[in-house]
Amino acid sequence: VQLQASGGGLVQPGGSLTLSCATGRTYSSSVIGWFRQVPGRAREFVALIRRSSGTTYYADSVKGRFIISKDNAKNTVYLRMNSLIPEDTAVYSCAIGSTFDSGESAYRYWGQGTLVTVSS
């Protein structure tokens, strides 16, 4: 399984950005999660979605600002990030797991991250 995250970049505070995660073909029961990490800090859960049902779950820090969605035909999961703040600056990675779980250990396959920088 190969994952590829893309769409990162520099954005001003209050701006928006959409990340994409190309997952390839996965089981319909798969769960795709987005995580982020700032150098020197632990990886942080952001959001997840179940491929079959579209059920989602968000970290409190992004709830109401970020939206995770999927396009099964394109084997792609998106993370729409709105009202960005400097604290959202991080390397964002996507991962695939089989359980509806926000813990890192629930995800077996990880892709390389994409850097998001929120700065004026």
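A nonpolar core is a set of buried Ala, Val, Leu, Ile, Met, Phe, Trp, Tyr and Cys residues joined through side-chain atoms within 4.5 Å. With that idea in hand, let's walk through this structure, which is a predicted model.

Start on the inside. The largest nonpolar core here has 33 residues, and W34, L79, M81 and Y92 are the ones with the most contacts inside it.

Now pick out M81. Setting aside neighbours within four places in sequence, M81 is in contact with G15, S16, L17, L19, R65, F66, Y92 and V116.

Next, follow the chain to the loop between β8 (76–81) and β9 (90–97), where you will find D88. Is D88 buried or exposed? D88 counts as buried because its relative accessibility is 0%, and the cut-off for buried is under 20%. The side chain of D88 is joined to that of R36 by a polar contact of 2.9 Å. Beyond its neighbours within four places in sequence, D88 is in contact with R36, R65, F66, S83, V116 and V118.

Finally, look for the largest pocket, with a volume of about 190 Å³. Its lining includes V1, R25, Y27, I96 and Y109, and β9 and β10 (107–110) each supply at least two of the lining residues. By type, the lining divides into five nonpolar, five polar and two charged residues.

Terms used
Residues are numbered from 1 along each chain as its sequence is written. This is a predicted model: local features need pLDDT of at least 70, side-chain atom pairs count only at pLDDT 80 or more; totals for chains, interfaces and linings use all residues. Side-chain values use heavy atoms; hydrogens and water are left out. Helices (H or I, at least four residues) and strands (E, at least two) are DSSP runs, numbered from the N terminus. Buried means under 20% relative accessible area, exposed over 50%, partly exposed in between (1.4 Å probe, protein chains only). A polar contact is a pair of N or O atoms within 3.5 Å; within protein, one must be able to donate a hydrogen and the other to accept it, and residues adjacent in sequence count only if both atoms are side-chain atoms. Contact means heavy atoms within 4.5 Å. On a 1 Å grid over the protein atoms alone, a cavity is a set of points where a 1.4 Å probe fits but cannot get out, and a pocket is an open set with protein on both sides within 12 Å along at least five of seven lines; lining residues have an atom within 4 Å of a point. Grid points are joined across faces, edges and corners, and a volume is the space filled by probe spheres set on the points. Ala, Val, Leu, Ile, Met, Phe, Trp, Tyr, Cys and Pro count as nonpolar, Asp, Glu, Lys and Arg as charged, and the others, Gly among them, as polar.
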